[in-house]
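Let's take a walk through a protein model together. Keep the 3D view open and turn it as you read.

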Amino acid sequence: MAPKLPPLRGLAPLCVILLLAVGVVTSRRPEPYYGRLIGHLTQYAHGIRGTVYAVDESTVFIKGFAYDGTGPDAYFWVGDSPQPSPEGTLVPYPEDYSSRDPPILSAHSNTDILLKLPAGKRLRDIKWISVWCRRFTVNFGDVFIPAGLDPPRPRVLPEFKRLAHGLRSGNISVLDAKTFYIPNLHYDGAGPDAYFWVGNGSEPNPFGTKVPNEMGSLNPLRGYQGEDIEIQLPAKLTAYDVDWLAVWCVEYRHNFGHVYIPKDLDVPPALGQTKITPAWWYNPTSSTTSKTPHSATNNCKEILDKRLQVRWEIQGDQVQITLSARLRKEQYMAFGISGAEGRPAMLGADVVVAYWDSRANQPRVADYTITHLAQCDGERGVCPDQRLGGSNDAVLVTGRQRDGVTTITYRRPLAAAEPSRDREVLSSRSQSIIAAFGPLNSRSEANAHSFMDTTRHDVQLDFGAQSDNACIGLAELDELGPGAWPARVLSGVTNFTARIGPAGGRRGYTPITDNDITNGFQPYGHPSWGIAWYINDQLIPEIYVERGKTYTFYVEGGDDRTNPARYHPFYISDSSEGGFGQKKEEEQRKQRVFAGVAYDNEGYPFPTAVGRYCEWTHKSVDQANASPTFEQYVRTLQLECAPGDPATLVWTVAHETPDLLYYQCYTHNNLGWKIHVVDPGTAVPKPGDQKARINAAHRICPVASTTFVLVITLLNIAVR
């Protein structure tokens with residue numbers, strides 16, 4: 001057996017000082033940095049001045065630009081002729097303008113200007129940049145591009161190192177000094193406190209900085225399934241200041257994967273030329289996930305007993321609407337203009353039906369006319385406009401499914417495109433709207449809904465509002481969350497496999513360990529960092545063993561000490577928390593260890609049940625919340641094992657062993673659960689045997705009164 005390294009005692013303050021020193025951010029590039037210097041604008045007229053830099057191969061930055069604004073038809077102008085001439089190309093400034101023609105250049109005094117070359121031109125395609133008056137063909141000032149200019153370029157890095165939670169990606173790019181492009185990102189989303197994380201040092205460590213996700217949020221990371229995203233470093237931090245980018249679990253101090261940032265970066269400065277996309281959703285014009293920004297509107301209203309969330313924003317002569325709800329499979333959500341003002345009238349209404357097509361795995365929207373309160377027969381009823389010979393005026397923008405919520409965004413005209421079928425959306429005042437949930441029929445058309453699943457009183461919406469937001473967020477509507485899966489039981493067996501798997505989200509580890517009678521009815525159960533022990537491929541089952549018998553555990557928790565996320569030695573203790581190896585000596589003395597830990601000649605503990613790594617991983621993202629049973633959940637997982645052999649832990653249960661123990665991870669807290677120790681011949685519970693579990697609980701707490709058992713029974717009845 002390999003010798004175990006003793007802990008470094010008495011050096012903790014020094015270690016912290018060294019780590020802090022490593023974490024000090026010192027930029028490797030002098031600031032401010034504007035890119036490669038091109039030169040200074042030469043003034044011929046109208047007070048032209050400024051210093052020009054190459055930001056990247058198609059963007060220039062003018063520092064301190066000045067111009068008196070009196071030229072009648074002046075623009076930025078580029079070309080490849082020997083001198084500025086009328087044969088050049090206009091460079092619009094500002095780049096985003098609402099008029100048909102680019103705006104004439106206005107007066108500037110010491111303005112910093114970012115210019116994007118038009119029509120796919122690059123700096124190597126031009127010889128000069130000028131401030132040019134088209135009407136009088138006059139050059140007010142210019143700068144020439146130096147021969148052999150090599151502008152900064154994005155840098156391609158390797159992919160994320162694959163360490164835990166299914167994290168992987170394509171080659172990551174540093175687009176500019178603050179922006180990272182991460183293609184084909186996969187992450188199961190099961191880490192409880194995971195973030196994009198940057199810092200200094202040879203390895204990712206706790207002394208890093210959180211990086212907002214692609215939405216600009218600092219919430220813990222969701223799951224990703226092959227998405228392409230961009231993230232930007234916060235505040236004044238740049239890629240020159242950090243040594244690595246990681247996905248890091250803050251609460252449990254674990255690195256799920258990382259990529260190193262080379263010290264010889266020569267990427268463009270971050271001057272606003274890189275437009276970060278706020279979300280990456282399904283794009284209906286592509287067969288793959290692509291960039292489509294989610295509407296940034298602040299208008300939001302919750303209806304249908306807060307089960308449907310509606311966001312809206314007028315965009316020119318269109319209104320963009322986003323619907324979000326917890327839809328069941330083959331269920332639709334409908335929203336539109338009521339058939340009568342002042343009350344919810346289905347007859348004569350103009351609605352859009354939105355749903356997720358499970359066969360094509362795509363969102364769908366359809367414009368409906370309601371001419372009769374019956375299923376569409378092709379002539380009348382609740383019918384798609386197209387089926388009646390009309391047009392589908394609802395245009396899909398984006399759609400996604402995440403955490404059990406279906407969100408679909410579409411646009412429709414404000415005007416009634418077909419007066420006989422459509423109703424006008426007003427922008428000057430509120431109007432009555434209707435909404436409903438219901439099942440889809442075999443044609444994927446809206447079927448009848450129940451009385452409780454439609455608007456039952458007048459609901460008014462002001463489509464012209466600018467900041468009408470009364471939403472609390474669908475994720476908070478179901479405060480209790482989905483119910484926990486029933487606790488699993490293993491009894492009457494002597495051989496066990498111990499592997500790692502996902503904790504099961506709001507149905508798994510934490511809710512299963514809720515109301516732990518041996519720990520004073522904890523209100524929220526034991527915390528989880530996203531993984532747990534799977535014993536005989538069951539999520540943290542309660543194991544029953546008999547005194548005097550011998551049991552064998554085949555442990556596949558990982559044997560690579562250099563990768564903490566895949567190193568989970570197995571041991572048995574009286575601690576409901578575990579993590580013996582990470583505890584201080586005084587804390588270790590509070591635990592009694594019954595198997596899986598030995599001591600070397602110097603008295604230092606080391607784990608003995610260290611075998612190859614096997615993990616149940618997600619086939620896509622975590623489907624726990626959408627899986628009513630654990631058996632359904634397992635079908636969304638796949639077993640992946642590293643080469644090697646399992647460790648074998650043989651445990652003979654001594655006669656003096658306490659009634660309750662726990663199987664745990666030596667290096668991490670809260671991965672395991674209970675082992676009930678009984679005398680030979682004692683009746684033990686089977687799965688679903690609630691009475692036996694209560695009897696077992698009474699044996700654990702012999703002072704418990706009949707009233708206490710009655711309370712537990714009543715709680716179980718209430719839950720059922």
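First, some ground rules. This is a predicted model, so local features need pLDDT of at least 70 and side-chain atom pairs count only at pLDDT 80 or more, while totals for chains, interfaces and linings use all residues. Residues are numbered from 1 along each chain as its sequence is written, and side-chain values use heavy atoms, with hydrogens and water left out.

How do you find a hole in a protein? Rolling a probe the size of a water molecule over the atoms shows where empty space is left. Here a cavity is a set of points, on a 1 Å grid over the protein atoms alone, where a 1.4 Å probe fits but cannot get out; lining residues have an atom within 4 Å of a point. Grid points are joined across faces, edges and corners, and a volume is the space filled by probe spheres set on the points. Searching the whole structure this way turns up two cavities of 30 Å³ or more.

Start with the largest cavity, which holds about 60 Å³ of space. Its lining includes Ile321, Phe335, Ile337, Asp350 and Tyr410. Strand 23 (331–337), strand 24 (350–357) and strand 28 (405–413) each give two or more residues to that lining. Strands are DSSP runs (E, at least two residues), numbered from the N terminus. Sorted by class, the lining has eight nonpolar, one polar and two charged residues. For this sorting, Ala, Val, Leu, Ile, Met, Phe, Trp, Tyr, Cys and Pro count as nonpolar, Asp, Glu, Lys and Arg as charged, and the others, Gly among them, as polar.

Two strands pair if DSSP finds at least two bridges between them. Strand 23 and strand 24 run antiparallel and are joined by six bridges, with Ile337 opposite Asp350. Strand 24 also runs antiparallel to strand 25 (residues 362–370), over eight bridges, and here Asp357 faces Gln362. Strands 24 and 25 form a hairpin with four residues between them, and Asn361 in the turn has a positive phi of about 55°.

Next, move to the second largest cavity, with about 40 Å³ of space. Why does it lie between two domains? Domain 2 (155–260) and domain 4 (489–678) both give residues to its lining, so it sits between them; the domain bounds come from an automatic or database assignment. Among the lining residues are His165, Asp188, Pro502 and Trp616. Strand 41 (residues 614–618) gives the largest share, four residues.

Pro502 also belongs to strand 32 (residues 495–502), where six of the eight residues are buried, so the strand is largely enclosed by the rest of the structure. Strand 32 pairs in the parallel sense with strand 36 (residues 550–556) over five bridges, and Phe496 has Phe553 as its bridge partner. Strand 32 runs antiparallel to strand 33 (residues 531–535), again with five bridges, and Ile500 partners Trp533.

Finally, find the open sheet of five strands in the order 2-9-8-5-6, with antiparallel pairing. Strand 2 (42–43) and strand 6 (89–91) stand at the edges with a single partner strand each, so one side of each has no neighbour in the sheet. Two bridges join strand 2 to strand 9 (residues 138–144), and Thr42 has Asp142 as its bridge partner.

Technical notes: 1 Å grid on protein atoms, 1.4 Å probe; cavity = no way out; pocket = protein on both sides within 12 Å on 5 of 7 lines; lining within 4 Å. Buried < 20%, exposed > 50% of the residue type's maximum accessible area, 1.4 Å probe, protein only.
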